[in-house]
Number of protein chains: 2
Amino acid sequence: MNIVISGIGIIGGSFAKAIKKYTDHYVIGINRSRQPLEDALKCGAIDEIGSRESLQKADLMILGTFPQAAVEFVERNAELIPKSCIVMDTSGIKSEICPKLTALSEQYGFTFVGCHPMAGKEKNGFAASDADLFSGASCILVPCGADERSVEKIAALAETLGFGKIVYASAEEHDRMIAFTSQLPHVIACSYVMSPVCPKHKGFSAGSYRDVSRVAHINEKLWAELFLENKEPLLDEIQILIDNLTAVKNAVDKGNKEELEELLAKSRKVKEELGE
Amino acid sequence: MNIVISGIGIIGGSFAKAIKKYTDHYVIGINRSRQPLEDALKCGAIDEIGSRESLQKADLMILGTFPQAAVEFVERNAELIPKSCIVMDTSGIKSEICPKLTALSEQYGFTFVGCHPMAGKEKNGFAASDADLFSGASCILVPCGADERSVEKIAALAETLGFGKIVYASAEEHDRMIAFTSQLPHVIACSYVMSPVCPKHKGFSAGSYRDVSRVAHINEKLWAELFLENKEPLLDEIQILIDNLTAVKNAVDKGNKEELEELLAKSRKVKEELGE
C-alpha cells in the first residue's frame, strides 16, 4: 500500500516508524512544518516527503494532526482522495469529528474509519515518536458505517503494528469511556499540581506523587481542544469525582472511621474485581 | 547492634531483609501473628523470633506496625526498653504519635527518633516485603528532640540500607507535605475508581488510567487511620483539589478555550520548573 500520513508528531511519527519496521508499505509524510519531515526521512520513518498531490496515490491516509485540523485537512483536499482510499483518523475524541469525516467520505466516495490508538507519552513531536509506542496497547476502532472489509483491513494493520487488542465502539461510547480513562486523569493531574505545596514536594514524595502528577506535563493546546470537544461526558466525570472526593472529605471531617473504611473498601473491591 | 523489629509486614519485613542484606546486625522479629515470623526466619530476614523480653537487649527498635498500635506497644513495654536503645517508628503520620513517643522516651530514658520511609507498594504483609524496597527512596527523619548522635546513627543506617536521600522535618512540616504527596493521591485514586464507568474501562484505557487508579488497591484500615490522624492538612488538600477541579470544570462548561489553556499551561509550568 501507499500510506500517506498527515501530521508527523508523536502519533503520526510512531505510525510511520511502526509501518516501516513491521510492514513493506510505502510511507509518504505530509506536515505543516518541514523539519519533522526531514528528520523522518533521514531516519527512514518515511520513504518520501509528500504534498497534497500525494493523496492521489494513497491507498490509506492516516490523520495524525489535532482533531479539527484533521477535519479541515480532509475538507481542503477531499477531491484529491481516491475513492479506493481508506482515511483513518487518530483523534482522542470521536463524536465531534467522525460525523463530519463520514459525511465527507460519503460525498467524495472514499472510506472513513475512526481510530484511537490508546498510547501516548507526556511528550510531543516527532522526536518522541517510537516504532513500538503501540506495543500491546489497545486500538479503538469506530467504524462509522464503513464497509466490513475496510474495517478489517485497518484492524489487521493495527495488529501487525503491535497493538495488543482491537476494540470496537460507537463514537458516543468511545467518548464516554475516554472522558473517564484519559481526559479525567489529565484534569486530575493538572488540578493536583496546582496545590501551593507542590513546588516543595521533593524529598517528601514517592510513587504516588509521581503517578498522579505525571500527565500534568501537558500539551495545553491539544488537551483544551480535546476537553471542549467532549464537553458533556467530561463535565459529568469531573462532577462524579468531586462528589466522591466530597464523600471522603465528609467522612474525614466527621472523624467517622467506619464510614471512611467502608468508602475505601468499596474502591479496593472495584480494583480487585477488575483483577488489578 | 541487636535490632528488634515489631511488626513484620511490608515495611518491617523490608527493614529486616535490607538489614540482613546490607549489614551484620542481628535482627529479632516480633509480630502479633506467628506466620510472618516463621516465614521471615525461614528466608533469613530475621535471626530470631523474639518476645517482649527481647527488648531488654535491643540497641535499636523499629516499629513497623500501624501508628496507634506502635504507640500502644511502646506504652505496654516501655519499662523493658534499655536507656541506651533508640526507638524508631516508620509511620506515615507524625504529629499524632511523635509527641506521645517522645514523652515515653523522656519518662523511661530511651531515645525516640521519628522516621518515615517514603516507599511502599499497593500490597501488604511480609510476602510483599523486599530487601530493596528503599533503594533510592527518601527517608524522612523527624528528630523530635533526640540527641544528634542518635539521629546521625539512624541516618547512617538508612544510607546503608539503600535510601537515596535523608530529609529532616518537624512533625507538622512532615504531615503537611505528606497530606499532599501521599494521602491526597490515595484519596484521588479511591474517588476516581468509584465512577460507574470504571468497571468497563478495559480496552479503553492506558497509562493514565493505570497510574491514577493504582493505589486504589488500598488497605482501608491503615489508610482510614492515617487520614484521621492527619485530619486538618488532608481536609485542606482535598478542598484545594476540589477548587482546582472546579476551575477546570467551569472553563470547560463556559467553552472558554483561552482560560482552559491558561489553567493547563500553569500546571505544565509547575512540572517544568520542578524539572519533571
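Chain A of this predicted model contains 10 helices and 8 strands. Its C-alpha atoms fill a box of roughly 70 × 40 × 30 Å along the principal axes. Of its 276 residues, 54% count as buried. Among the contacts in chain A with a separation of 6 or more, 74% join residues 24 or more positions apart.

**Relation of the two chains**

Chain B is superposed on chain A by a rotation of 180° with 0.0 Å of shift along the axis, at an RMSD of 0.0 Å. This is the relation of a two-fold axis. Both copies use the same surface, since 100% of the contact residues of chain B recur in chain A.

**The interface**

Across the interface, 78 residues of chain B are in contact with 78 residues of chain A.

| Element of chain B | Residues |
|---|---|
| Strand E7 | 138-142 |
| Strand E8 | 165-168 |
| Helix H6 | 171-192 |
| Helix H7 | 207-213 |
| Helix H10 | 257-273 |

H8 and H9 of chain B also belong to this group. The largest share of this side of chain B, 15 residues, comes from H9(B).

The crossing of H6(A) past H9(B) is right-handed. On the H6(A) side, the residues that meet H9(B) are Val187(A), Cys190(A), Ser191(A) and Tyr192(A). Their counterparts in H9(B) are Leu241(B), Asn244(B), Leu245(B) and Val248(B).

**Helix H3 of chain B**

Helix H3 of chain B spans residues 67-77, and its buried residues are Pro67(B), Ala70(B), Val71(B), Phe73(B) and Val74(B). Viewed down the axis of H3(B), these residues fall within an arc of 160°, so they line one face of the helix. In general, an α-helix has 3.6 residues a turn, so residues three or four places apart point the same way. The face of H3(B) turned away from the buried side carries the exposed residues Glu75(B) and Arg76(B).

The cover over the buried residues of H3(B) includes both strands and helices of chain B. Among the strands are E1 (2-6), E4 (60-63) and E5 (86-89). The helices include H4 (98-108) and H8 (220-228). H8(B) is also one of the elements that give two or more residues to the side of chain B touching chain A.

Key. Residues numbered from 1 in each chain as written. Chains lettered and ligands numbered in written order. Predicted model: local features only at pLDDT ≥ 70, side-chain atom pairs only at ≥ 80, totals over all residues. Buried ≥ 20, exposed ≤ 12 C-beta atoms within 10 Å, placed from the backbone. Helix = DSSP H or I, 4+ residues; strand = E, 2+ residues; numbered from the N terminus. Arc of directions from axis to C-beta. Contact = placed C-beta atoms within 7 Å. Least-squares fit on C-alpha atoms with pLDDT ≥ 70 in both. Left-handed = near helix turned anticlockwise from the far one by under 90°.
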